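Me: I would like a close look at a single part of this model, with the surroundings described carefully.

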Amino acid sequence: RYQYYLQVKKDVLDGRLISSFEQGIRLAGLAVQADFGDYNQFESHDFLREYVLFPMDWTQDEAVLEDLTQKVAQEHRTHSGITAAEAELMYINEVERLDGFGQEIFPVKDNHGNDIHLGIFFMGIFIKNRIGRTTVIYRWNDIGNIAHNKSSIVLELINKEENVLFHTDDLENAKYISRLFASRHKFYKQNKICTE
C-alpha cells in the first residue's frame, strides 16, 4: 500500500495524472495527513510552504500558491484522527477517480501525418485526436494482432479488411509500444472471462 501510494503521488506531482484545483487540494491534504500526522500537533503550518503539495505544471504565482497552501491546511484539519495508512488508502481511492488513471498515452502520427495520442487502458486501445473530436476506441476483442514495421505500429482488426497504422519517431518507440500493446492483448485473451 505504501509503495503504491508513493507511486501514484509521484504521478500526480509530476503531472502525469491531471487533477482539478479542488481534487489537488483534497489530495494534498490527505498527503500531509499521511506524511505528517494530525493537524493539531503543529503550532504553525509554515512547513507546508517547503513541502511539494501541487503538480509541477500548476501556477508559480506566489499569491496563488499561498492561497492554495492555506486551503490545504484547512483540508488537512478535516483529516485529524485518521491514521497514515487510512490517509494513504483515501489518497489512492481519490487518485483512482482522476481522469486518465490507468491509461498510458504515447504521441504518434496517423496515416495523414496528423499528431494524435495513442493510448492503452484496461478495455483496449484508444486514439485521442485534436480537442473537440471524439475518442476512438478499439476494444481488445476487436483486435486480431498488433505488430510493428520499422517505426510504424500496425493494428490488425478482426472483421475488417484494412489495418490501422500509426507512426512513431523511431524504431525503439514502435517496438516498445507494440510489445506493450501485444502483451496487454495477450493478457486480455488469456483472462477474457475475468475481464468481462
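Is F106 buried or exposed, and what is the relative accessibility?

Reply: In this predicted model, F106 has a relative accessibility of 11%, and because buried means under 20%, F106 counts as buried. F106 forms an aromatic pair with Y176, an edge-to-face arrangement with 6.0 Å centre to centre and 70° between the planes. F106 belongs to strand β1 (residues 104-109) and Y176 to helix α5 (residues 171-190), so the pair ties together parts that are 70 residues apart in sequence.

The structure holds six aromatic pairs, and elsewhere Y2, Y5 and Y91 form one aromatic cluster. Beyond residues up to four places away in sequence, Y5 touches A31, A34, D35, E88, Y91 and I92; the C-alpha atoms of Y5 and A34, which are 29 residues apart along the chain, are separated by 9.7 Å. Y91, with neighbours within four places in sequence left aside, is in contact with Y5, V8, K9, V12, L27, L30 and A31.

Y91 is also one of the residues that touch the most other members of the largest nonpolar core, which has 26 residues, and V12, L53, F54, V72 and V95 are the others named with Y91. The elements giving two or more residues to this core are α1, α2 (21-36), α3 (62-78) and α4 (84-96), with the largest share, seven residues, coming from α2. A second, separate core of 21 residues includes L155, F166, I177 and Y188.

Conventions. Residues numbered from 1 in each chain as written. Predicted model: local features only at pLDDT ≥ 70, side-chain atom pairs only at ≥ 80, totals over all residues. Heavy atoms only, no water. Contact = heavy atoms within 4.5 Å. Core = buried A, V, L, I, M, F, W, Y, C linked by side-chain atoms within 4.5 Å. Buried < 20%, exposed > 50% of the residue type's maximum accessible area, 1.4 Å probe, protein only. Helix = DSSP H or I, 4+ residues; strand = E, 2+ residues; numbered from the N terminus. Phe/Tyr/Trp six-rings, centres within 6.5 Å; stacked < 30°, edge-to-face > 60°.
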